[in-house]
Amino acid sequence: MKIAVSACLLGVPCRYDGRSKGDDELVALLAGHEVVRVCPEVMGGLSIPHPANEIQTAAPELRVVDSEGTDNTQAFLAGSRAATKKALDAACTCAILKAKSPSCGTGKIYDGSFTGTLVEGDGLAAGMMREKGLRVMDEHEAKFFLQNL
C-alpha cells in the first residue's frame, strides 16, 4: 500500500520547533508499505524553525497565524496543495499525519488562541487530502489500522 506520511513522524526534524516526532513503532508498522514523505509546512516555504501557528477557528474566513501575529495562510495553503498533489501523484490511498497540527491535524486542532485549546476540525492538508478521497488518520489511529490490515 502507498501511504503519505508526515515527515516528522518518520524522524525528520521539520516541525516548527526544529524537532521531529519520530515514532519507532509507527515506522516498524510501515515496513512493507511504500511511504511517501510529506511536510506541508516545509513544502509551503516556511522555514524551520518558525513560530508556532494555529488556525483561527473563530475567524469568519480562513486564517493561519503564528504566535507573533503574522498571517501565514498562503504558505499553509500552498504547502497543503503541494503535499496533497504529491500524495495523489504517487497514488497513495491513505495518509498518516501528525495529530493537532494546523497542516496535518485530523479530527482535532488548536483553536488559534495559543492557549492549548483543542476544537473539532482538520488541518489544511488533512482536509484537502480527505476531500480528494484519501483516508486520513493521525499516528494513533494509524497504529491500530496498520496492525489490523
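## Close-up views of a predicted model

**View 1. Strand E1, helix H1 and strand E2 form a right-handed β-α-β unit.** Welcome to this predicted model; we start with the unit in which H1 (residues 24-29) is the helix between E1 and E2. E1 covers residues 2-6 and pairs with E2 in the parallel sense, over 5 bridges. Look for Lys2 opposite Glu34 of E2, and for Ala4 opposite Val36 of E2. Of the 5 residues of E1, 4 are buried, so this strand is largely enclosed by the rest of the structure.

**View 2. Four strands make an open, parallel sheet.** Reading across, the order is E2-E1-E5-E8. The edges belong to E2 (34-38) and E8 (135-138); each has a single partner strand, so one of its sides has no neighbour in the sheet. From one strand to the next, the twist averages 25 degrees. As a reminder, strands of a sheet pair through backbone hydrogen bonds, in either a parallel or an antiparallel sense.

**View 3. Strand E5 pairs with both E1 and E8.** E1 and E5 run parallel and are joined by 3 bridges; here the bridge partner of Ile3 is Cys94 in E5. With E8, strand E5 (residues 94-97) pairs in the parallel sense over 4 bridges.

**View 4. Asp138 caps the N-terminal end of helix H5.** H5 spans residues 139-147, and its buried residues are Glu139, Ala142, Lys143, Phe145 and Leu146. Which elements do these buried residues pack against? They pack against E1, H1, E5 and E8. Keep in mind that an α-helix has 3.6 residues a turn, so residues three or four places apart point the same way.

**View 5. Helix H3 packs its buried residues against several elements.** The buried residues of H3 are Thr73, Ala75, Phe76, Leu77, Gly79, Ser80, Ala83, Thr84 and Ala87. Their packing partners are the strands E1, E2, E3 (53-55) and E4, together with the helices H2 (40-43) and H4 (124-131). How does the length of H3 compare with what its residues predict? At 1.5 Å a residue, its 17 residues should span 24 Å, and the end C-alpha atoms are 24 Å apart, which agrees. Just after the helix, look for Ala91, which takes a positive phi of about 65 degrees.

**View 6. Asn72 sits in the loop between strand E4 and helix H3.** E4 covers 64-66 and H3 covers 73-89. Is Asn72 buried or exposed? Its relative accessible area is 14%; because this is under the 20% cut-off, Asn72 counts as buried. The side chain of Asn72 makes a polar contact of 2.9 Å with the side chain of Asn53. Leaving aside residues up to four places away in sequence, Asn72 touches Leu46, Asn53, Val64, Val65 and Asp66.

Definitions and conventions: Residues numbered from 1 in each chain as written. Predicted model: local features only at pLDDT ≥ 70, side-chain atom pairs only at ≥ 80, totals over all residues. Heavy atoms only, no water. Pairing = 2+ DSSP bridges. Helix = DSSP H or I, 4+ residues; strand = E, 2+ residues; numbered from the N terminus. Axes fitted to C-alpha atoms, helices over the stretch in contact; angles between N-to-C directions. Right-handed = clockwise from strand over helix to strand, strands pointing away. Buried < 20%, exposed > 50% of the residue type's maximum accessible area, 1.4 Å probe, protein only. Polar contact = N/O pair within 3.5 Å; in protein donor to acceptor, adjacent residues only side chain to side chain. Contact = heavy atoms within 4.5 Å. Expected span 1.5 Å × (residues − 1).
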